[in-house]
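Hi everyone, thanks for making time this morning. I'd like to walk you through one structure, so please have a look at the screen.

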Amino acid sequence: MLGASTPERDDLLAWAVLVRAPGLDVAALSAALDRLGRPSAIVAASDAERHRVAAIPAATRAFLSSSAAAPRAAERLWLESSRHYLIPFTDPRYPKLLLSLPDCPIALYVSGNIEALTDPQLAIVGSRNPSAQGRETCLAFAETLSECGLGITSGLAEGIDACAHQGALRAQGITLGVLGTGIDIIYPRLNQRLGEDIERQGALISEFPLGTPPKRGNFPQRNRIIAALSLGTLVIEAARRSGSLITARLANTYGRDVFAIPGSIHNPLSRGCHELIKAGAKLVETADDILSELNFSAFFANDLPAAARRESPARHAAGMDKDHKILLDALGFDPVDLDRLVVRTGFKPEAVSSMMLILELEGHVQTAPGGRYSRVANRRAGGER
């Protein structure tokens, strides 16, 4: 909750203003923070002071000099809830996988379980008008994968998106809904109840300012977040021009695995999936196909409720999958690049890349400059927390 005025509260409201600033990106904002110190100082600075930061676009300076650059009552009210968060890119809770994007959001509005952001996730996307079989397939895959410890991420659209969220909820697992609107607007409206369920059991996410309506251009933009947050993307029923293919292509661009479920050659909703498979996506028949390709080990006991499945890296390291343990042992504590790990382990490059994403999410490894990785020391062993 916001409470009385403090530097932290002022910074949080400043981030809400900066999210609304046109033309502002992480690079420009980083330069501004280096010079002016805090987000509240950027908003409060004179135009002359901001002009000295060459990276700040003219449109941003003009906005910040106008009356529009004041915190809105709706922003203050929304941030009062203990389940509402505004997570800037400088916050340790900001998803590491998003930071690798050249156009990562400067901040994320999050409603629900903030810890869900760092859970290992699989994106499931597809047609807004799937067949009955497509719905059943999606529900079954989402439920099974959720039971195995994967968070299920999608866009809260009609059809496959909604089924993906529902399958995870049915398994009492974690699911994340990435919105193409402000986080205070559920679209489509028929998914209002589903959005509330996701909020209680997982999280809703948006990079857009509060009150942003559903605009056509917002949805391809939010697709990059769905793709980047996840270890891989599964496409279930998609026509050749489906928006879900945008998510799949973005996932491929970001180095994530792309999976597709084939269907009848007579079904138009199978053609997008077949094109992806022709282009190199993994053909999927069972959930095990995905878990195996991701080298994903179900670290969490399947007979426990989702909320109880989390353990610290120190506690579950001893019981991790054999290949993950081999990779972790090969890493050591000095920074090493992926090519060196391939040589040390004999694993395929794509397997090493996938396993390193999982190990990073689980807190066993951390990124280092130059595209390298290093092992995270077990601080408990040193008597510290």
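When I say helix or strand, I mean a DSSP run, H or I over at least four residues for helices and E over at least two for strands, numbered from the N terminus. A word on provenance: this is a predicted model, where local features need pLDDT of at least 70 and side-chain atom pairs count only at pLDDT 80 or more, while totals for chains, interfaces and linings use all residues. Residues are numbered from 1 along each chain as its sequence is written, and side-chain values use heavy atoms, with hydrogens and water left out.

Let's begin with helix H12. Just after H12, Gly255 adopts a positive phi of about 80 degrees. Within the helix itself, residues 244-253, the buried positions are Ser244, Leu245, Thr247, Ala248 and Ala251. Buried here is under 20% relative accessible area, exposed is over 50%, and partly exposed is in between, using a 1.4 Å probe and protein chains only. Why do these residues sit on the same side of H12? Because they cover an arc of only 155 degrees around the axis, the arc being that of the directions from the helix axis to the C-beta atoms. What do they pack against? Their partners are strand S3 (121-126), helix H11 (218-229), strand S7 (232-236), strand S8 (257-260) and helix H13 (271-278), with contact meaning heavy atoms within 4.5 Å.

Now to the sheet those strands belong to. It is an open sheet of 9 strands with mixed pairing, in the order S1-S2-S6-S5-S4-S3-S7-S8-S9. Two strands pair if DSSP finds at least two bridges between them. Strand S1 (84-88) and strand S9 (282-283) stand at the edges, each with a single partner strand, so one side of each has no neighbour in the sheet. S7 and S8 run parallel and are joined by 4 bridges; Leu234, for instance, has Phe259 in S8 as its bridge partner.

S2 and S6 are antiparallel, with 4 bridges between them, and Gly112 stands opposite Ala203 in S6. S5 and S6, by contrast, run parallel through 3 bridges, and there Gly177 has Leu204 as its bridge partner in S6.

H11 lies across S2, S3, strand S4 (151-154), S5, S6 and S7, at about 155 degrees to S5. For these angles, axes are lines fitted to C-alpha atoms, for helices over the stretch in contact, and the angles run from 0 to 180 degrees between N-to-C directions.

His165 ties into this region. It is found in helix H9 (residues 160-170), and counts as buried because its relative accessibility is 0%. Leaving out residues up to four places away in sequence, His165 touches Ile152, Ser154, Gly155, Leu156, Thr175, Leu176, Gly177, Leu194 and Ile198.

On to the cores. A nonpolar core is a set of buried Ala, Val, Leu, Ile, Met, Phe, Trp, Tyr and Cys residues joined through side-chain atoms within 4.5 Å. The largest has 72 residues, and those with the most contacts inside it are Leu18, Leu29, Leu64, Leu98, Ile106, Tyr109 and Val110. Helix H1 (residues 7-20) gives the most to this core, with 7 residues. A second, separate core of 28 residues includes Cys148, Leu150, Cys163 and Leu234.

Speaking of cysteines, how many disulfides are there? A search of the whole structure finds 0, a disulfide being a pair of cysteine sulfur atoms within 2.5 Å. The sulfur of Cys163 has its closest cysteine sulfur in Cys138, 5.1 Å away, which is too far for a bond. Cys163 is buried, at 3% relative accessibility.

Finally, there is another open sheet, with 3 antiparallel strands in the order S10-S12-S11. Its edge strands are strand S10 (336-337) and strand S11 (365-368), each pairing on one side only. Helix H18 (residues 349-361) packs on this sheet, touching S11 and S12, at about 110 degrees to S11. That's my tour, and I'm happy to take questions!
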